[in-house]
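Student: Please take me through one part of this model in close detail. Keep it brisk, and give the cut-offs as you go.

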Amino acid sequence: MAIWNPWHGCHKISPGCANCYVYRRDESIGKDASIITKTGDYNLPLKKNRQREYKLTAADGVVYACMTSDFFLEEADEWRQDCWDMIRERRDLHFHIITKRIDRFEICKPDDWGEGWDNVTICSTCENQDRTDYRLPILLGLPLKHREVIAEPMLEEIDMEKYLATGLIEHVTCGGESGGVPEEQRKAAVPCQVRPCDFQWIKDVRRQCIRCGVPFTFKQTGAVFIKDGKTYYVKRSFQMSQARKSGYSYIPGMGLANAISYKLPGRDDLFAGLVRSKFRSRFHLSQKDKEYVREKGMDTIRSHAADFVEKRLSAENPENDGKQTPMRGHPVFLAQHACACCCRSCLEKWHHIPAGKELNREEQSYIVDVLMDWIGRETEKRNGRT
Ligand code: SF4
Ligand SMILES: [Zn+2]
């Protein structure tokens with residue numbers, strides 16, 4: 001990976017900019033990040049070494065452009081054409097441009113852009129729902145060969161599934177807000193109020209990506225990370241490694257999620273939680289369902305449950321995930337809704353079984369056991385009452 005910063009400095013336009021690291025870093029050395037200047041690396045893609053070879057080669061990997069500014073910044077309007085010329089000349093390199101100003105792309109693109117250039121990826125940021133709903137329709141409507149999305153710092157739960165479902169977004173990255181933990185903040189030249197990131201939000205976008213077959217990267221926890229309702233302060237040096245270690249990045253068909261470690265809930269805790277849930281606790285077997293169970297016998301019902309779990313839930317990315325379990329028609333379907341075993345999202349939320357992995361034999365039999373436990377309890381209830 002290479003970084004090309006043709007200019008430096010920016011102005012804040014979005015909630016995600018509040019703690020912009022360019023500003024923080026500049027302030028710490030007494031510099032004003034709102035002053036926008038060309039850098040010495042302005043023409044880096046064309047720079048050559050003594051052997052008259054390009055300094056940047058394809059072996060350097062993707063070239064990330066404008067990491068200390070925004071490529072589509074108004075103040076850079078007169079410089080951008082040079083950059084497009086360099087990008088055009090270096091077709092052997094791939095340029096990755098992250099922007100909060102996707103709405104300026106149309107007026108900033110070069111005349112010969114056509115349907116897009118193969119060697120350019122445009123990545124739109126979207127830190128909250130409002131910016132997602134504003135920027136992603138624009139991103140999708142532009143003539144681009146490669147589109148990506150980054151939600152960082154992620155500031156709230158974001159639903160971007162309808163945009164991912166277009167199949168036009170190649171990759172999504174999520175992460176919390178970087179910065180220091182309280183003790184690091186005390187020592188920092190420019191402390192900032194780091195905003196928290198909840199792991200639930202990350203997992204939620206990840207599940208949207210899985211359902212749409214879009215690769216997903218969990219890049220960093222940020223300094224203030226909430227997991228299962230508990231707040232963790234993650235030191236700077238661990239923010240990326242912790243995210244990597246969690247295993248929650250996803251590439252379709254790679255089996256990466258098999259490496260995620262998780263703990264199944266205890267049966268008592270699980271059932272106590274399900275009873276507390278208004279939605280889950282409203283499911284019960286009808287008289288007809290109970291008769292069906294009695295007539296078929298528990299062994300047959302168990303084999304039905306095993307079959308449904310295998311066919312509808314166990315694939316890495318089950319077909320129609322979220323809608324694959326009917327609300328009625330078989331006692332096992334009711335058990336699935338009552339026990340939050342209806343789809344991979346519910347399995348992850350309630351049972352901690354990560355989405356994006358094929359369910360192994362143990363996981364499948366755990367689910368079947370839970371369902372049969374619930375069916376057993378429901379039929380006993382009938383016996384108790386009559
Ligand atoms: S657009 Fe990017 S570089 Fe510019 S102020 Fe916002 S976060 Fe900083
Ligand atoms: Zn569900």
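Tutor: The protein chain splits into domain 1 (2-259) and domain 2 (267-385), with bounds from an automatic or database domain assignment. This is a predicted model: local features need pLDDT of at least 70, side-chain atom pairs count only at pLDDT 80 or more, and totals for chains, interfaces and linings use all residues. Residues are numbered from 1 along each chain as its sequence is written, while chains are lettered from A and ligands numbered from 1 in the order in which they are written.

The C-alpha centres of domain 1 and domain 2 are 41 Å apart. Their contact draws 10 residues from domain 1 and eight residues from domain 2. Two residues are in contact if their C-beta atoms, placed from the backbone, lie within 7 Å. On the domain 1 side, four are nonpolar, three polar and three charged. Ala, Val, Leu, Ile, Met, Phe, Trp, Tyr, Cys and Pro count as nonpolar, Asp, Glu, Lys and Arg as charged, and the others, Gly among them, as polar.

Now T125. T125 sits in strand β6 (residues 120-125). Strands (E, at least two residues) and helices (H or I, at least four) are DSSP runs, numbered from the N terminus. T125 is buried, because 23 other C-beta atoms lie within 10 Å. The cut-offs are 20 or more such atoms for buried, 12 or fewer for exposed, and partly exposed in between, with C-beta atoms placed from the backbone. Leaving out residues up to four places away in sequence, T125 touches G16, I98, K100 and I150.

Next, the open sheet. Its three strands run in the order β9-β11-β12, with mixed pairing. β9 (197-198) and β12 (230-233) are the edges, each with a single partner strand, so one side of each lacks a neighbour in the sheet. Strands pair if DSSP finds at least two bridges between them. β9 and β11 (residues 224-227) pair in the parallel sense over two bridges. C197 stands opposite F225 in β11.

Finally, the backbone. Most residues other than glycine have a negative phi, and most peptide bonds are trans. D228, not a glycine, has a positive phi of about 50 degrees. D228 lies in the loop between β11 and β12. D228 counts as exposed because it has 8 C-beta neighbours inside 10 Å. The E152 to P153 peptide bond is cis, with omega near 0 degrees. P153 belongs to the loop between β7 (146-151) and α5 (161-164).
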